[in-house]
Amino acid sequence: MKTHMNITQQLIKSHLVTGDMTPGSEIGLRIDHVLQQDATGTLVMLELQAMGLAKVKAEKAVQYVDHNLLQTDFKNADDHAFLQAATQKMGYYYSRAGNGISHVVHMEQFGVPGKSLLGSDSHSCAGGGLGMLAIGTGGLDVAMAAAGEPYYVKMPKVLGVELTGKLPEWVSAKDVVLEMLRRYDVKGAKGYVIEYYGEGIKNLSTWDRHVIANMGTEMGATSTVFPSDERTKEFLTQQGRADDWVELKAEEDATYDLTDHIDLSKVEPMIACPCSPGNVVPVSKVAGRKISQVVVGSSANPGYRDFWMVSQIVKNKQVPAHISLDVNPSSRQTIQTLTADGAMGELMGSGARFHQTGCMGCIGMGQAPASGKISLRTMPRNFSGRSGTKDDQVYLCSPETAAASALNGEITDPRTLGFDYPKFEEPNQVKSGLTVIFPPEKSKSKVKLEMGPNIKPIPKFGRLECEFQLPVILKMGDNISTDEILKAGAEVLPLRSNIPEISKYAYQALSKDFYKRAKLSSDGHIVIAGENYAQGSSREHAALAPRYLGQKAVIAKSYARIGWQNLVNFGIIPFEFEDPSDYHDIDENDVILFTELREAIQSDKPILVKNISINKEIAVKTRLSERQIRVLLAGGVINDLKERAEMVNSKKAVEELAEA
């Protein structure tokens, strides 16, 4: 019997290299586009060097500079000099500082419906708004894809969300994805690709779809997928790339593993309260709370329309003096268009502040709010302290809610403003900006790599031991984010290419003396966690820095997808409690004995570990594919790649000797 495939299944089938499309089983996907940003890109380039790669093998590879933009000393500038040389030498395109946020610029300049994209940023799934199979993951996975290797992931189920109707005035795409977060929280879509369909799709622009796809990762989804239709064609035509359009739609009678429905006409302004993107309520429930800062922009509201809407709401008005209205533009193209139509002048005339084009406040790179004050942001995340202020109170909202609140000095339902909703029309064409994205250098042999003093080689690790007895130096609760494992922000981000230095900040948000305790545990250590460990960012540093400090394993109730993969990639065993209640039988400072590990990991049976401190055996398990078992035994992906290369070379040598 013929299976009627949805768009997600069609995209996966067309890129399937290994495995079968059974949900939960590991598959290998061919990757067409590789996307890197500078906070992870330097490490990716160092990983490619460690692998011995001379030239990128992906169809399109682009290195963006959009995170480490504050140059308070030499570190970020050195990284960017290294990246520009390394990318041109290896055949990447290079998007320099000021061009814009990676996901935004890639959609403007390079995105093609039907292609696969792997990005070293968790919000790379934004490409699904254009009809791409776009997935965010750790930098080491991206390095492997750049080297021509498949991307391995568990075959997802598909959550089909039918959209009907049309959004009412003062409501926009950000409210739609916040409504989804209200329903699914930060892990409700784990193991799924979210696919939107239905007659309401035609009422959402491609940038609207980008907004919704971008924050799919906040629900734990592997990716988000939209159709490629006439609205997609309009967008590509606007960008001067109409020839890149192809239609993508679900087959008639296509089915989904799980379904949901949103009537767009009934969506109201929504807001995510501190300190989780899933802590969502209607704006009306929190209206009246005093604020001190409003930030508009980021990859979660990057389109020209979003900035234009704010400009028209504040037009000919003054933001109160005690409110900081920060404009965080998403791309050079957006700035050029806003300037050409006068919208930039309206923003500046209202008293708004203009910041660099890039991720900025979203990643804690500037724009930190006042202590204990409310900051409204059109950004995708509001984990505690992520803004750069320890006791921050960050709320996530739409551009309409942000602008209305900026005018009133308090959280405001935009429907109560008392004037007509601005009527937006898409421009027929926008500025390209392509001239400032440098193509790969043709004479690569002339390119010299510049490595500043803050750029250190990737640490080397050994193969997995058969046995170890280690202390628990940290026990954590549920939904621990990568921001808590290794914080973002202007203090730490410049150290991304220096693992010995950045490791000093490991788990600092949870335990001030973690680094000291880890260094004292000369044989290594383990940590314990609850549900959904390592949610949030794709930063592999949240695995690599603890690994450098001697972390051998994590025992948790469950893991976020990217965090789990990063642990395996760097040789940290991601154990899960067979019985989640055993979480209560391990405490900090307990000593855990692991025996016959190499044999145990290769078995599909529960593994018994012993808490020596209370003389109790606890059953744990792993959910590893054969490939991941091989990687763990080798001590990580780089070791595994080298071992396989040596085997191939040895086999060739034997064959050559035999022929001789």
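The model is predicted, so local features need pLDDT of at least 70 and side-chain atom pairs count only at pLDDT 80 or more, while totals for chains, interfaces and linings use all residues. Residues are numbered from 1 along each chain as its sequence is written, and side-chain values use heavy atoms, leaving out hydrogens and water. Helices (H or I, at least four residues) and strands (E, at least two) are DSSP runs, numbered from the N terminus.

**Helices H10 and H13**

- Helix H10 (residues 304–313) packs with helix H13 (residues 399–408) at an angle of about 25°, and their axes are 9 Å apart.
- That makes H10 roughly parallel to H13; angles under 35 degrees count as roughly parallel, over 145 as roughly antiparallel, 65 to 115 as roughly perpendicular and the rest as oblique.
- Axes here are lines fitted to C-alpha atoms, for helices over the stretch in contact, and angles run from 0 to 180 degrees between N-to-C directions.
- On the H10 side, Arg305, Asp306, Met309, Val310 and Ile313 meet Pro399, Glu400, Ala403, Ala404 and Leu407 of H13, where contact means heavy atoms within 4.5 Å.
- The residues of this contact of H10 with H13 divide into seven nonpolar, three charged and no polar. Ala, Val, Leu, Ile, Met, Phe, Trp, Tyr, Cys and Pro count as nonpolar, Asp, Glu, Lys and Arg as charged, and the others, Gly among them, as polar.

**Helix H11**

- In helix H11 (residues 332–340), the buried residues are Gln333, Thr334, Ile335, Thr337 and Leu338; buried means under 20% relative accessible area, exposed over 50% and partly exposed in between (1.4 Å probe, protein chains only).
- These buried residues pack against helix H4 (102–109), H10, helix H12 (343–349) and strand E17 (353–354).
- After H11 comes Gly342, with a positive phi near 90°.

- Strand E16 (residues 324–328) is largely enclosed by the rest of the structure, because five of its five residues are buried.
- Ser324, Asp326 and Asn328 point one way from E16, and Leu325 and Val327 point the other way.
- Strand E15 (residues 293–297) pairs with E16 in the parallel sense over five bridges; two strands pair if DSSP finds at least two bridges between them.
- Val327 in E16 is the bridge partner of Val296.

**Gln393**

- Gln393 sits in strand E19 (residues 393–396) and is partly exposed, with a relative accessible area of 30%.
- Beyond its neighbours within four places in sequence, Gln393 is in contact with Pro274, Gly372, Lys373, Ile374 and Ser375.
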